[in-house]
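Open the model in your viewer and keep the sequence panel beside it. This tour goes from one selection to the next.

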Amino acid sequence: MNEIIKAMEERRSIRKFKPDMPAKEDLEQIIEAGLYAANGMGKQATITIAVTNKKLRDRLSAINMIFFFHY
C-alpha cells in the first residue's frame with residue numbers, strides 16, 4: 001500500500017507540519033484520495049485547493065490559527 005494513503009488512513013489529527021512541501025506526485029495522489037471522501041450523500045459540494053506556494057501556505061496557516069483560537 002502506498003505510504004501516503006496508509007498514513008492518511010492511520011492518522012486522524014495533525015498538529016505539527018513539516019516545513020517542506022510534498023512532491024507533486026504525492027500531492028496529486030492525496031487530492032485524488034480526497035475526492036472519495038464522504039460528502040453528505042453527494043449533496044455537499046466540496047472544493048479542493050492545493051496551495052503550493054510556501055509563503056501563501058504559511059500566511060493562510062497563520063490566518064487559520066487566528067480564527068481557531070478566537071472561536
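## Stop 1: a charged cluster

Select K54 first. K54 is partly exposed, because its relative accessible area is 39%, which falls between the 20% limit for buried and the 50% limit for exposed. Keep in mind that this is a predicted model.

The K54 and D58 side chains form a salt bridge, with 2.8 Å from N to O. Both residues belong to helix α3. They sit four residues apart, or about one turn of the helix. D58 is partly exposed too, with a relative accessible area of 35%.

Next, bring in R57. Which residue does R57 form a salt bridge with? The partner is D58, and the closest N and O atoms are 3.3 Å apart. R57 has 22% relative accessibility, so it counts as partly exposed. Show the three side chains together: salt bridges with shared partners link K54, R57 and D58 into one network. How many salt bridges does the structure hold? The count is two. As a general point, side chains of opposite charge can pair when their charged atoms come close.

## Stop 2

Turn on a surface view here.

## Stop 3: a loop residue and its contacts

Move to A50. Where is A50 found? It lies in the loop between α2 and α3. A50 counts as partly exposed because its relative accessibility is 39%.

Show what surrounds A50. Setting aside neighbours within four places in sequence, A50 is in contact with L27 and I31. Then draw a distance from A50 to I30. Their C-alpha atoms are separated by 10.0 Å, and the two residues are 20 residues apart along the chain.

## Stop 4: the whole chain

Zoom out and colour by secondary structure. The chain has three helices and zero strands. From the N terminus on, the order is α-α-α.

Switch to a surface for the whole chain. The accessible surface comes to about 7100 Å². Carbon and sulfur atoms account for 59% of that surface. How much of the chain is buried? Buried residues make up 4% of its 71 residues.

## Stop 5: confidence

Finish by colouring by pLDDT. The chain averages 80, and 87% of the residues score at least 70. Select helix α2, residues 24–34: among the elements of the chain, it has the highest mean pLDDT, 88. Then select helix α1, residues 3–10, which has the lowest, 79. Where pLDDT is low, the predicted coordinates should not be read in detail.

Conventions: Residues are numbered from 1 along each chain as its sequence is written. Side-chain values use heavy atoms; hydrogens and water are left out. pLDDT is the predictor's confidence in each residue, from 0 to 100. Helices (H or I, at least four residues) and strands (E, at least two) are DSSP runs, numbered from the N terminus. Buried means under 20% relative accessible area, exposed over 50%, partly exposed in between (1.4 Å probe, protein chains only). Accessible areas come from the Shrake-Rupley method with a 1.4 Å probe; for residues, only the protein chains shown count as cover. A salt bridge is a side-chain nitrogen of Lys or Arg within 4 Å of a carboxyl oxygen of Asp or Glu. Contact means heavy atoms within 4.5 Å.
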